[in-house]
Amino acid sequence: DIADEELLQEIKNDVERTRRDFEYFRRPGTKSALTALLFVYAKLNPGVRYVQGMNEIAAVLLYVMSLDPESSESDAFWCFSEMMVEIKEGFMQTMDHSGEGVYGMVDEISRMLRSYDPQLARHLHKAELSLFVFVLRWCTVLFAQDATLPDVLRLWDSFIADPKRYAFVVYTCVAV
């Protein structure tokens, strides 16, 4: 159907742009696996669907799981699905203005920045620089677009190990 074709094309476009600097992600087999993973996820989760940026999350997981080529795609899919249970609010427009969506994260980071670095908070406010742009990228894709892959893997170890489940992401944003 046309909606599926459009969804598949959107995913393919994003997969094509995913970590082009890294040879593993330029391989046709990797692109195919990443596309299939994201398409199946979107079809199984119509309330979330596919949103740009999910490709970055799935790519990191696929890379980590690639040590076992026989099951890397299925393992990455299940890890991605479980991870999305906890971070999907950042990808869902309906959650944007809730306390758990992107604006909730912006508010929390703004409060922390005012507390830990009031001078920077005042500067950003005077310059009318919104944290939204940074928070959207950093928090929704867990720094996957803005850090090298080895750094992302190290950060994710900390994020996933966080007993408060990803609260450390907010602290990392304030630190950066």
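How many aromatic pairs does the structure hold? The structure holds 10 aromatic pairs, where rings of Phe, Tyr and Trp (its six-membered ring) pair if their centres lie within 6.5 Å.

## Basis

This is a predicted model, in which local features need pLDDT of at least 70 and side-chain atom pairs count only at pLDDT 80 or more, while totals for chains, interfaces and linings use all residues. Residues are numbered from 1 along each chain as its sequence is written, and side-chain values use heavy atoms, with hydrogens and water left out.

Helices (H or I, at least four residues) and strands (E, at least two) are DSSP runs numbered from the N terminus. Buried means under 20% relative accessible area, exposed over 50%, and partly exposed in between (1.4 Å probe, protein chains only).

## Aromatic pairs

A pair of aromatic rings is described by the distance of the centres and the angle of the planes. Planes under 30 degrees apart count as stacked, over 60 as edge-to-face and the rest as tilted. The structure holds 10 such pairs, including the tilted pair of phenylalanine 25 and tyrosine 63, with 6.2 Å centre to centre and 40 degrees between the planes. This pair links distant parts of the chain, with phenylalanine 25 in helix H2 (residues 23-26) and tyrosine 63 in helix H4, 38 residues apart. Phenylalanine 25 counts as buried at 3% relative accessibility, and tyrosine 63 is partly exposed at 25%. A stacked pair is formed by tryptophan 138 and phenylalanine 143, at 5.4 Å centre to centre and 20 degrees between the planes.

Tryptophan 138 and phenylalanine 143 are both buried. One aromatic cluster consists of Phe22, Tyr24, Phe25 and Tyr63.

## Salt bridges

A salt bridge is a side-chain nitrogen of Lys or Arg within 4 Å of a carboxyl oxygen of Asp or Glu. By this rule there are 4 salt bridges. One of them joins aspartate 4 to lysine 43, with the closest N and O atoms 2.6 Å apart. Aspartate 4 is in helix H1 (residues 2-17) and lysine 43 in helix H3 (residues 28-44), so that this pair links distant parts of the chain, 39 residues apart. Both partners are partly exposed, aspartate 4 with a relative accessible area of 24% and lysine 43 with 43%.

Glutamate 16 forms a salt bridge with lysine 31, the closest N and O atoms lying 2.7 Å apart. Because glutamate 16 lies in helix H1 and lysine 31 in helix H3, the pair ties together parts that are 15 residues apart in sequence. Glutamate 16 is partly exposed, at 44% relative accessible area. Arginine 17 forms a salt bridge with aspartate 14, at 2.3 Å between the closest N and O atoms. These two residues are 3 residues apart in helix H1, which means that about one helical turn separates them. Arginine 17 is partly exposed at 42%, whereas aspartate 14 counts as buried at 3%.

Lys and Arg count as positive and Asp and Glu as negative, with His and the chain ends not counted. Glutamate 56, in helix H4 (residues 54-65), is buried yet has no salt bridge, and the nearest side chain of opposite charge, arginine 19, is 4.5 Å away. Not counting residues up to four places away in sequence, glutamate 56 touches Thr18, Arg19, Val141, Ala144 and Gln145, where contact means heavy atoms within 4.5 Å.

Aspartate 162 is found in the loop between helix H9 (149-161) and helix H10 (167-175). Aspartate 162 is also buried without a salt bridge, with lysine 164, the nearest side chain of opposite charge, 6.6 Å away. A polar atom of the aspartate 162 side chain lies 3.0 Å from the backbone nitrogen of lysine 164, and one lies 2.8 Å from the backbone nitrogen of phenylalanine 168. Leaving aside neighbours within four places in sequence, aspartate 162 is in contact with Ala167 and Phe168.

## Helix H6

Helix H6 (residues 102-116) has 15 residues and reaches 21 Å from its first C-alpha to its last, close to the 21 Å expected at 1.5 Å a residue; the expected span is 1.5 Å times one less than the number of residues. The buried residues of H6 are Val102, Gly104, Met105, Val106, Ile109, Ser110, Met112 and Leu113. These pack against helix H7 (118-126), helix H8 (132-140) and H10.

## Positive phi

Most residues other than glycine have a negative phi. Arginine 49, which is not a glycine, has a positive phi of about 60 degrees. Arginine 49 lies in the loop between H3 and H4 and is partly exposed at 37%. Phenylalanine 143 has a positive phi near 70 degrees, lies in the loop between H8 and H9 and counts as buried at 5% relative accessibility.

Terms used:
Polar contact = N/O pair within 3.5 Å; in protein donor to acceptor, adjacent residues only side chain to side chain.
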